[in-house]
Amino acid sequence: MSGTPGGSDVDLSGLRRRLADSTGRAYWKSLEELAGAPQFLEFLHREFPEQASTFDDPEGRRGFLKMMGASLALAGLTGCTRQPEEKIVPYVKPPEDMVPGRPLFFATAVTDGGYAKGVIVESHMGRPTKVEGNPDHPASLGATDVFGQASVLDLYDPDRSQTLTHLGEIRPWGSFLAAVKAALDGQRAAQGGGLRILTETVTSPTLAAQIQELLAAFPAARWHQYDPAGPDSIRAATAQAVGAPSEVVYDLAKADVVLCLDADFVGHGPANLRMIRAFTSRRRLGGEQSPAGMSRLYVAESSPSLTGALADHRLPLRASEIETLASAVAAGVGAPAGAAPAASGSVPAAWVGAVAKDLQAHAGRSVVMAGPWQPAAVHALAHAINQTLGNVGQTVTYAPSVEARPIDQLASLRDLAAAMDAGQVQALVVLGGNPVYEAPVDLDFARRMDKVPLRIHFGLYDDETAERCHWHVPAAHPFEAWSDARAFDGTVTIVQPLIAPLYAGCKSAHELLAAFTSKPERSGYDIVRDYWKAQGVLGADEKAWQRALHDGILAAPAVAKAAGPGPAASATPPPTSAPPAGQGLEIVFRPDASVRDGRLANNGWLQELPRPLTKLTWDNAALMSPRTAQSLGISIESTSLGSYTDLVELIYRGRTAKAPAWIVPGHPDGTVTVHLGYGRTRAGRVGNGVGFNAYALRTSDAPWFGGGLQVKKTGDRYLLACTQDHWSMEGRNPVRAGTLEEYEAHPDYAKETFEEPPPSLSLYPAFKYTGHAWGMAIDLNSCVGCNACTIACQAENNIPVVGKEQVGRGRELHWIRVDRYYSGGVENPETHHQPVPCMQCENAPCEVVCPVAATVHSDEGLNDMVYNRCVGTRYCSNNCPYKVRRFNFFLYSDFDTPSLKLQRNPDVTVRSRGVMEKCTYCVQRINRARIDARNQGRPIKEGEIKTACQQACPGEAIVFGDINDPGSRVAKLKAEPRNYGLLAELNTRPRTTYLAHVKNPNPEMGD
Amino acid sequence: MSQIFHHSTNTLSKLSIFGALFLAAGTLWLVLEINRSPYVTQAGVAREQPVPFSHAHHVAGMGIDCRYCHASVETSATAGIPPTKTCMNCHSQIWSDSPTLEPVRESFRTEKSIEWVKVHDLPDFVYFNHSAHVNQGVGCTTCHGRVDQMPLMWQEASLTMEWCLDCHRQPERYLRPREQVWNAAYEPPPDQLALGRSLVKEYGIHTRTSCSTCHR
């Protein structure tokens, strides 16, 4: 099959004709759907494409029949055996507060780019199993992102490094200490001139103090920092505007108009969860929210992002043109416009004019935000616009940097590389990070690092850098060690362990640094606690410390939160720092939405998570617009095994990389986006060899974009596992959208198109619900498409990973999927997200076809799925119009790896093969709440039960509750005029309903 | 050609057709009966334990409340098997030299748990909750039998789903007042049905027979 040429070439004119012919709003998920390609119809009309589930095991049919016969015979025999004897192993001395069978919750933090996001981790009998957001933490507000959710899988990753090694051989801690002592003794004369420490971004006050202590002992030693996705341009721009590198904090809840210049506040940044919450609070309609209070979002971006998908007006632009646009907007609002050229052809003056006018009309109540991938000049323009509009102090505030030492990290790494090359470095300590893999390719880091006589690597994995280091010290996972970290606003969280290190050799960064001091055996707990004691924030008694551990927030007066000064009004932006655009295409680098800079490459949950917008899994690709793809002759063929696409060669500044091409509607023309973090060689069994390494093209002078890219077809084809057409529902507008104007005229516009049949139409008698009746409402206006729900569900419900080959065949097991629909033309479509869990229909089509009653209606309206009854006929999924049922074609759950067993939720069955599974509204949580309420002799409180998807959702889009209680939030939402049932015209009467999407376009824009 | 089979074989063949039906039905019945039998359910089979712990002695003889050892029974899904520490609360003082109790002392010394044999072993796909039952007037002995008369522990009931549903469909046949839940010697009154019905009303009991009550 591989290497099949041809496929459906991108026929742009055909697509446009089709769009023009369609009446009303047309929604489509892929170019194949838009073109009405037969491959798409296959997905639409069947649950799986033909032949996707044929038995093509190399074993062959004959072998299969033999196996069948044998298993039938054995199955007959095993039916008569008793359960094997099991043991009960109670504690010898029970730990405090531990009640067998009840989880405990601990507040701690996970870091993203060095910044803390507060979490609460669920622990069952000492095993951390699930991560939730900490409602009290300013960066979380109770929500989590996919990285927070997936961090618990990293803890149990069997590929984590487990022992201290020297040149690949296991060594005791003592011999490492001896080696460090010898090295330090050698450095003492030179005051540490040959000692270098390389860290990632550090916000941990304790770690920073330890490093400073070391630098005090060795004044000539140097501390370098490098984070491949760090916001160097924000540091530079704030340093120029405010005087020192600062945090820029945006309050989107107060902003009426928001303009994003290549800024992706949904997907990236230390405050993304908080910003999503604030933004969606201004996008809700109905109830007490008046339509006039809805904010408006403009996004100009060089690569389609989730923020762009939310925009009311989105402008795809080449990355190098963003500065031109920013300059034009600045001129439009009367801010100093800098030296950038005036609006050229591709920056539409009408767009700029309308945006500038809207911003001016909302002066003091607007936000202009630039993304970290834009040069400092664009940030300076954004600062200037905010200053001119009077937003500073209102919606935009500046605060002292939270980082321990904010520096230009790229320059820092460059210095280190030069020093290593010059032989000035005698000992290098890589404290986290993987510079051999992720350093800009022109620094030639690996070769230069080889010149250092003593190289020490500290990290979770024996990765590319560890391979080239003499010593590798395995890091303890954040859930195994004491530490601390600061959030975007300076809030300190004590990171506390939930479990002793799974592998005895693991150390925390604090314990490693202690090895460089006179007290090498100090425990992480003592180091962190003594630091805060010395700061005088703990007081005389234990209370403050315990309070900090309990709340996940340390009330530390040492942390300044006051807003700093705004940028000087007269500050003129620095001249353009964008690299000159060369001939050919432009390349844009982005951290990946799943594996980030590559550190999460070995996390199966994240690898299998369909990337937002592209819906690719297990791969990165060279993303391009339909028109660019057409000019390159790219063709994509969707088959029953996945999507075959052209493998192209990316030639950029004399370096090449081979990547599969992928077409993304809404991508700016003439630009190719590549995501970092793939093509790892020592990530582990999951991440090795997944995708291509985009770092091979990334240079230090243009870390985020550059011109002069050439793309050549190699003639080879490449198989991608893309889920965008999977589980497609027959075209009855599953997603419904309108504008604010339409909504104000007809609030129930979503219902107007389709008749809902009367309940009496069913042949079956109606169910009666005397107690609770669980239901869910999903507000499409609040959904940002971040996928947190999918991973939260996976962690809560023990959903296994199936692998790329199986995803290609449409067998991914996610119980809640986020469907992404486009509407409008392929050049710049509107995007709509729709999370689809089981609808828990009243007239469930699945229930009536199950021959063994394995899926039945509960007395509270759930479609119960009884795994132990299921015999795997798959009639139910065949009959489900929503395609939300998932079948275990093989034994996907790992029944063997001991560490992975620890992660499983003990309240949910681990399914074996041959069993159908699906969302049950987290019935384990419903049961727990019901039993607790009954035991306490009270009714279940409104909001007491949160499904896993709801709890993770940063936009609060998912609301679950009792629809029999008219006071419940879900009942109120269902009474909204925007409420509609998915495919309700089939008379399934879904319990999960949606609130239609409303955009707030600027009437003056007229596009 | 003459007939090979005599006329009477017709009767035989008819008989065997019906016989096959009966045989199939009989086999099915047999399988079901075997599955309900103590051979499969292990009901009534006393188990060997690392320490021959006698409920009869501790409950009936010493009068120790169930909850002294099974401490989480009122709040958690599992009743809880006592940690070694609970045993040592008394046995560091009494019978502190008994060779039978050496495994207990050894566990306490070495901090290694005693591995008890699980007597009531539900399948892994069944999620039973003790607290939901004992707080609603289901007595310990209703399911566990006269524990106070068991020298070594055995499983009294079959623990089949049929057995669970027997009560879930008609709880009034088994309920007792909450204050009697821990009374091992409790005898239901002659008018159990009347008492049960009033308790169902008083405790507001909605027994649930939906699959997801126990399976998820």
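Start by selecting helices α11 (residues 322-333) and α12 (residues 349-361) of chain A, which pack at an angle of about 50 degrees with their axes 9 Å apart. The two helices, α11(A) and α12(A), are therefore oblique to each other; angles under 35 degrees count as roughly parallel, over 145 as roughly antiparallel, 65 to 115 as roughly perpendicular and the rest as oblique. Axes are lines fitted to C-alpha atoms, for helices over the stretch in contact, and angles run from 0 to 180 degrees between N-to-C directions. Helices here are DSSP runs (H or I, at least four residues), as are strands (E, at least two), numbered from the N terminus.

This is a predicted model, where local features need pLDDT of at least 70, side-chain atom pairs count only at pLDDT 80 or more, and totals for chains, interfaces and linings use all residues. Residues are numbered from 1 along each chain as its sequence is written, and chains are lettered from A and ligands numbered from 1 in the order in which they are written.

Next, show the residues between the helices. On α11(A), pick A:Leu325, A:Ala328, A:Val329, A:Gly332 and A:Val333; they meet residues of α12(A) including A:Val352 and A:Leu359. Contact means C-beta atoms, placed from the backbone, within 7 Å.

Now colour the domains of chain A: domain 1 (8-53 + 580-722), domain 2 (246-400) and domain 3 (737-999). Their bounds come from an automatic or database domain assignment.

Finally, look where domain 1 of chain A meets domain 3 of chain A: 32 residues of domain 1 contact 28 of domain 3. On the domain 1 side, α1(A) gives the largest share, four residues.

Methods: Contact = placed C-beta atoms within 7 Å.
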